[in-house]
Amino acid sequence: MKKSVFKVLALLAVSSVTFISCSSDDDSNDGGTNPSGFVANPADFKGELKAGDEVTLDPSKVYYLTGKLQVNDGAKLTIPAGTKIVANGGTSSFVAVAQGGQIFVNGTATNPVVFTSENRTPGAWGGVVLCGKAPINKAPTASAEVSELTYGGSVSNDNSGVIQYARIEYAGAAYNSEKEFNGLSLFGVGSGTKIEYVQLHEGADDGIEFFGGTVNTKYIVSTGNEDDQFDWTEGWNGQNEFWFAKAGLGRGNRGIEADNNSNNHSLGPISNPTIKNMTLIGLGGDYNAAENQALKLRVGTKGKLENVVLANWAKGIDIEHDATLAGIPSDLYVKNVHFINVTTTASGKKSDGTVADVTAAFTLQENNGAGNGVNAPTWTQGWTIDL
């Protein structure tokens with residue numbers, strides 16, 4: 001009987017050692033074994049991470065995004081510094097994080113994470129989409145237009161993870177004439193999410209768009225995107241610092257297009273972000289005059305913008321609709337704005353189309369905007385391109 005006990009103990013000891021050894025091996029194998037069976041295949045990177053899956057990519061490998069990669073509720077995807085993800089599937093290739101899922105993009109200033117495409121032209125693939133549980137004003141919850149995932153709710157501090165020191169290039173593929181991806185689409189994303197040091201480069205639609213939510217950002221670069229460099233709607237409220245945008249490619253529209261709710265301009269929560277230290281550079285005063293505007297503020301948005309450089313635009317500040325105008329000057333203003341080569345500094349229009357005086361919406365003062373006037377700020381060095 002004693003011998004039997006000793007044998008059992010010995011077998012348990014061997015089993016314990018074996019289990020620990022397997023666990024160690026799994027940690028180094030593109031996420032290892034996951035409850036759903038998901039495997040990150042660098043040559044065919046797509047699929048769904050499900051509850052309990054925790055996948056860490058190998059930065060020594062290039063991951064070819066061949067379809068939709070979706071991080072579902074209860075799953076985590078970690079992308080270490082230096083990882084490169086190359087898309088090659090048009091609208092079918094995109095990265096989406098569902099409510100309750102998390103992504104951790106952990107780039108560094110000298111070794112950013114790069115989301116790009118084999119076809120280095122705008123609209124070559126989808127982009128990156130995050131869907132959170134923070135408030136929106138479209139409905140209590142809604143379906144994201146480019147991933148069909150649910151977003152919105154009541155969790156203001158919802159946490160979808162981290163995106164830092166990353167470039168998202170050549171995104172913006174179009175589903176149809178009404179639906180296009182942006183470089184980075186933030187649907188109802190909460191303030192627990194960290195978005196810092198991110199460049200959105202040469203996309204076919206907007207660089208970054210906020211659909212409600214409460215997410216905050218710092219150190220965002222938007223360059224050469226074919227529509228707006230920044231866009232917000234559906235009641236976004238966030239604290240932001242250091243935005244730098246530069247139109248390019250001989251095309252592109254506004255620096256910022258800002259909305260609250262197009263169906264009900266006074267519907268809450270009302271879009272009301274704070275943005276400090278920003279530079280927006282256009283393509284010159286004679287380019288695409290209809291939408292050649294640095295700031296388009298409309299359909300009831302509020303906002304507090306401070307220390308802003310607006311350079312090379314046909315129009316600097318354009319404010320439209322009664323609900324938007326009503327926010328001037330306490331809830332909607334641009335404090336300390338420096339106009340450089342701007343044909344018309346500001347204009348306003350009421351909902352009935354008549355002219356409105358918006359001079360109280362801004363104050364003038366020379367400043368450095370995002371940090372270096374119209375030149376690339378020092379904080380962009382090492383991880384951005386084409387500045």
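Two residues are in contact when heavy atoms of theirs lie within 4.5 Å of each other. In this predicted model, among contacts in the protein chain between residues at least 6 apart in sequence, 68% join residues at least 24 apart.

**Figure 1. The whole protein chain, as a setting for the close-up views.** The secondary structure of the predicted chain comes to two helices and 24 strands. Its radius of gyration is 23 Å, close to the 21 Å that the globule rule gives for 387 residues, so the chain is as compact as a globular protein of that length. Taken along the principal axes, the box that the C-alpha atoms fill is roughly 95 × 40 × 40 Å. Of the 387 residues, 54% count as buried, while the chain exposes about 15,500 Å², of which carbon and sulfur atoms supply 49%.

**Figure 2. The nonpolar cores and the surroundings of Leu310.** In soluble globular proteins, nonpolar side chains tend to be buried together. The largest nonpolar core here has 68 residues, and those with the most contacts inside it are Phe115, Leu130, Ile163, Leu184, Trp243, Leu295 and Leu310. Strand β22, which spans residues 303-320, gives the most to this core, with six residues. Apart from it lies another core, of 14 residues, among them Val129, Cys131, Leu149 and Phe211. When residues up to four places away in sequence are not counted, Leu310 touches Leu280, Ala294, Leu295, Gly316, Ile317, Val337, His338, Phe339, Ile340 and Val342.

**Figure 3. Ile340, one of the residues that Leu310 touches.** Ile340 has its place in strand β23, formed by residues 332-349. With a relative accessible area of 30%, Ile340 is partly exposed. Beyond residues up to four places away in sequence, Ile340 touches Val309, Leu310, Ala311, Asn312 and Val374. Asn312 is 28 residues from Ile340 along the chain, and the C-alpha atoms of the two are separated by 6.4 Å.

**Figure 4. Aromatic pairs, with a view of Phe230 and Trp243.** The structure holds 18 aromatic pairs. In one of them, the rings of Phe230 and Trp243 have their centres 4.1 Å apart and their planes at 5 degrees, so the pair is stacked. This pair links distant parts of the chain, for Phe230 is in strand β17 (residues 230-233) and Trp243 is in strand β18 (residues 239-246), 13 residues apart. Phe230 is buried, with a relative accessible area of 0%, and Trp243 is likewise buried, with a value of 0%. Elsewhere in this view of the aromatic residues, Tyr165, Tyr197, Tyr219, Phe242, Trp379 and Trp383 form one aromatic cluster.

**Figure 5. Ser222, a buried serine in a strand.** Ser222 lies in strand β16, which runs over residues 216-223. Its relative accessible area is 0%, and because buried means under 20%, Ser222 counts as buried. A polar atom of the side chain of Ser222 lies 2.7 Å from the backbone oxygen of Gln229. Leaving aside neighbours within four places in sequence, Ser222 is in contact with Leu200, Gly207, Gln229, Phe230, Phe244, Ala245 and Lys246.

**Figure 6. Ser160 and Tyr170, two buried residues in loops.** Ser160 is found in the loop between β11 (150-151) and β12 (161-169), and at 2% relative accessibility Ser160 counts as buried. Residues up to four places away in sequence not being counted, Ser160 touches Val97, Gly101, Gln102, Ile103, Leu130, Cys131, Gly132, Val189 and Thr193. Tyr170 lies in the loop between β12 and β13 (184-187), where Tyr170 is buried, with a relative accessible area of 5%. Once its neighbours within four places in sequence are left aside, Tyr170 is in contact with Thr116, Ser117, Asn119, Arg120, Thr121, Pro122, Gly123, Ala124, Trp125, His201 and Glu202. The C-alpha atoms of Tyr170 and Ser92, 78 residues apart along the chain, are separated by 14 Å.

**Figure 7. Gly371, a partly exposed glycine.** Gly371 lies in the segment after β24 (362-364). The relative accessible area of Gly371 is 42%, and Gly371 is therefore partly exposed. Gly371 and Ala134 are 237 residues apart along the chain, and their C-alpha atoms are separated by 31 Å.

Notes
Residues numbered from 1 in each chain as written. Predicted model: local features only at pLDDT ≥ 70, side-chain atom pairs only at ≥ 80, totals over all residues. Heavy atoms only, no water. Phe/Tyr/Trp six-rings, centres within 6.5 Å; stacked < 30°, edge-to-face > 60°. Helix = DSSP H or I, 4+ residues; strand = E, 2+ residues; numbered from the N terminus. Buried < 20%, exposed > 50% of the residue type's maximum accessible area, 1.4 Å probe, protein only. Polar contact = N/O pair within 3.5 Å; in protein donor to acceptor, adjacent residues only side chain to side chain. Core = buried A, V, L, I, M, F, W, Y, C linked by side-chain atoms within 4.5 Å. Rg over C-alpha atoms; globule rule 2.2 N^0.38 Å. Areas by Shrake-Rupley, 256 points an atom, 1.4 Å probe, with all protein chains shown as cover.
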